[in-house]
Amino acid sequence: MKKLLVLMLMLMLCGCGTQETFETVADEIVLPVSAQPREILLTLPEETLLPAMESDGRTLYLCDGYDVAVQTVPSGDLDGTIRQISGFGKEELTVMETASGDCRCFEFVWTAATDLGEQVGRAQILDDGNYHYVLTAMAPAEKAMNYQEIWNGLFETFGVV
């Protein structure tokens, strides 16, 4: 009887062994390719000098009494882009949102103390969902009002294709 009981227990336990499970996937994983940055359209004022500096997707132009910068950064963190440009977060500024073609457009102004004294900056960010295209103009605070007409024309020509 003991032998029969041991034999029955062995038969019951023989199916409890671990078996390796193999998983196969027939489909290949295709990762989406990031969209390439679009071309920036911009008409610079006539007195603009050649690009003074180009680095990390940012181009700085020196004009008569003010600076203009154009840059492209990955989209996704609007507050981070605004903070990178101005030093302030989105909640600390009055940011106007409009549309420009198929892009969302954000525009704001700010002042900042720098080594050169107090500066006034104006920026526009075009967001196409993949990239932020940024136009920035900066001038000394005491002269910034002199450039408003020029800046208005500059910002009106800013776009992407």
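Author: The questions below pass from the chain as a whole to its hairpins, a helix, a pocket and a loop residue.
This is a predicted model, in which local features need pLDDT of at least 70, side-chain atom pairs count only at pLDDT 80 or more, and totals for chains, interfaces and linings use all residues. Residues are numbered from 1 along each chain as its sequence is written, and side-chain values use heavy atoms, with hydrogens and water left out.

Reader: Which residue takes a positive phi in the hairpin of β3 and β4?
Author: Strands count as paired if DSSP finds at least two bridges between them. β3 and β4 run antiparallel and are joined by five bridges, with Leu60 opposite Ala69 in β4. Four residues lie between these strands, and the one with a positive phi, near 100°, is Gly65.

Reader: And which residue has a positive phi in the hairpin of β2 and β3?
Author: Strand β2 (residues 51-55) is antiparallel to β3, and four bridges join the two. Ser55 stands opposite Arg58 in β3. Two residues separate the strands, and the positive phi, near 50°, belongs to Asp56.

Reader: Within what arc do the buried residues of α2 fall?
Author: Buried means under 20% relative accessible area, exposed over 50%, and partly exposed in between, with a 1.4 Å probe and protein chains only. In α2 the buried residues are Leu78, Thr81, Ile82, Ile85 and Ser86. They line one face of the helix, because the directions from the axis to their C-beta atoms fall within an arc of 110°.

Reader: Which elements are included in what covers those buried residues of α2?
Author: A contact means heavy atoms within 4.5 Å. The cover of the buried residues of α2 includes β4, β6 (103-114), β7 (117-127) and β8.

Reader: How much space lies in the largest pocket?
Author: A pocket is an open set of points on a 1 Å grid over the protein atoms alone, where a 1.4 Å probe fits, with protein on both sides within 12 Å along at least five of seven lines; lining residues have an atom within 4 Å of a point. The lining has 15 residues, and Arg58, Leu60, Asp67, Thr136 and Met138 lie nearest the centre. Two or more lining residues come from each of β3 (58-62), β4 (67-74), α2 (78-86) and β8 (131-140). The volume, taken as the space filled by probe spheres set on the points, is about 280 Å³.

Reader: Is Glu92 buried or exposed?
Author: Glu92 is placed in the loop between α2 and β5 (96-100). Its C-alpha is 9.8 Å from that of Trp110, 18 residues away in sequence. With a relative accessible area of 52%, Glu92 is exposed.
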